[in-house]
Amino acid sequence: MSEEKFDAIVVGGGLAGLSAAYAMAQAGLDVMVVERGKFCGAKNSSGGRLYGHSLEKLIPNFAEEAPIERKIVKERIALMTEETAMTIEYSSGKLGAQPCASYSVLRAKFDKWLADKAEEAGAMVATGLLVEDIIMKDGKAIGISCGGEEVFGDVVILADGVNSLLAQKLGMKEELDPTQVAVGVKEVIALDPQVINERFGVADGEGTAMMMAGDPTCGNLGGAFLYTNKDSISLGIVTTISDIGRVDTSVPDMVERVKNHPVIKPLIAGSKLQEYSAHLVTEGGYKMVPELVKDGVLLVGDAAAFVINLGYTVRGMDFAIESGRLAAEAVIKAKAKEDFSAGGLACYKTLLEDSFVLKELKMYQNFPSLLECHAVFNDIPKMADEFASELLTVDGRTPMAIPMIAMMVLAKNGGLAGLVDLGSKALEAF
């Protein structure tokens, strides 16, 4: 490893770290990225959807050159029982319009591309290296220890993921609480592009995103997801760690449960498994955001718990990219003053406060409490099924008025009191 001193060392070659590195290198800073995988993206796994607005700020029109899979033009949300699904679909070209376009991506390809962009800008990217410790002097981070060697820098940006052990060592972050973190398991299954187009009703380059709740996780806190790629589908489940063992179905079996659901099975018929992966997802929202700034240290992306789960969407990639860009801006300002103390880097927090990252996390800070309610994943899908079945079945009997159907379904499932209680939690969440 080089004995050169860097302006900034970035630990982690995911979207947050690479965005920070790219922005700093563009500004002329000497930057080193250290990634433990064989290449950037080798160890990164996610559901697979990137909201492009934040990366547009760094690399305008990035989708023209980046290895995106499909532009999302259809949204589906499904409440599932074992045999049924009540699905809402929104299809619109507006979803693919700038600046709000979103894309399905495969992180192994996409992160590698972004790493190449960072290197083109002048950053040094070192892979296959595990950072074991942060070197401290007089309470300030001055470098990293990696493979028995030391590398020095004015500031260290920790972009090392959800379970940032380095941030925990520095006392910036607590050990993960099982109620605040989920495990995500994903399969990438190969399918002919034309078959994908036909089954999901999209054209070449267009895609569908689908979120599912209820039966996929057997009523556990969490849900399932599906994203169409160019010639494959990303399909998987997310369930809260504290709920594992609550039901007899294992997490891998939950994935199989989704694949064999009557609504999903025809969509993926004839597919072939390409990739199987798992990763941790923060679920605590704003209330689990750790200390973000220390003398010589900044936290970005998943390491800073910048993830939001609203049920109908799970976002982390755009938060990661934006936090990386803002961290870079803070370091650039600190470099101009040669002040890398917590005070010199404090503008990072101000920039975050003014950005969509903390504004949205604060707005929905009570939402995780709603998603901790098992009724959302058990009772609501069941009631949706019973209501739709009664409303849409025609068998020659005297029809029942819609309000009466609703009252009947409520009566069978705990009555109005339970719904009012859930409604009050929903109001608090929003």
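Predicted model: local features only at pLDDT ≥ 70, side-chain atom pairs only at ≥ 80, totals over all residues.

Me: In which sense do β1 and strand β2 pair, and over how many bridges?

Reply: β1 pairs with strand β2 (residues 31–35) in the parallel sense, and four bridges join them. The chain reaches β2 from β1 by way of α1, and this β-α-β crossover is right-handed.

Me: Which sense does the pairing of β1 with strand β10 take?

Reply: Strand β10 (residues 149–158) also runs parallel to β1, with six bridges between the two, and within β10 the bridge partner of Phe6 is Gly153.

Me: How many of the residues of strand β1 are buried?

Reply: As a general idea, the side chains of a regular strand alternate between the two faces of the sheet. In the present case, strand β1 (residues 5–11) is mostly covered, with six of its seven residues buried.

Me: What follows α3, and what comes just after α8?

Reply: α3 is followed by Gly122, which has a positive phi near 120 degrees, while just after α8 it is Glu338 that takes a positive phi, of about 55 degrees.

Me: Which residues of α3 are buried, and what covers them?

Reply: The buried residues of α3 are Arg107, Phe110, Asp111, Trp113, Leu114, Ala115, Lys117 and Ala118, and the elements that cover them include α1 (15–26), β3 (49–51), α2 (53–58), β7 (124–127) and α8. Helix α8 is itself largely enclosed by the rest of the structure, because 15 of its 21 residues are buried.

Me: How many residues does the largest nonpolar core have, and which have the most contacts inside it?

Reply: The largest nonpolar core has 86 residues, and those with the most contacts inside it are Met24, Phe62, Phe110, Leu158, Phe306, Val331 and Tyr348. Helix α8 (residues 317–337) gives the most to this core, contributing 10 residues. There is also a second, separate core of 24 residues, with Ala78, Met210, Ile233 and Val251 among them.

Me: Which residues does Phe110 touch, leaving aside those up to four places away in sequence?

Reply: With those neighbours left out, Phe110 touches Leu15, Leu50, Leu55, Phe62, Ala66, Pro67, Ile68 and Val105.

Me: How many disulfides are there, and is Cys146 buried or exposed?

Reply: The test is whether two cysteine sulfur atoms lie within 2.5 Å, and by that rule the count is zero disulfides. For Cys146, the nearest cysteine sulfur is that of Cys40, 13 Å away. Cys146 counts as buried because its relative accessible area is 2%, under the 20% cut-off. Cys347, at 21% relative accessibility, counts as partly exposed.

Note on methods:
Residues numbered from 1 in each chain as written. Heavy atoms only, no water. Core = buried A, V, L, I, M, F, W, Y, C linked by side-chain atoms within 4.5 Å. Buried < 20%, exposed > 50% of the residue type's maximum accessible area, 1.4 Å probe, protein only. Contact = heavy atoms within 4.5 Å. Pairing = 2+ DSSP bridges. Right-handed = clockwise from strand over helix to strand, strands pointing away.
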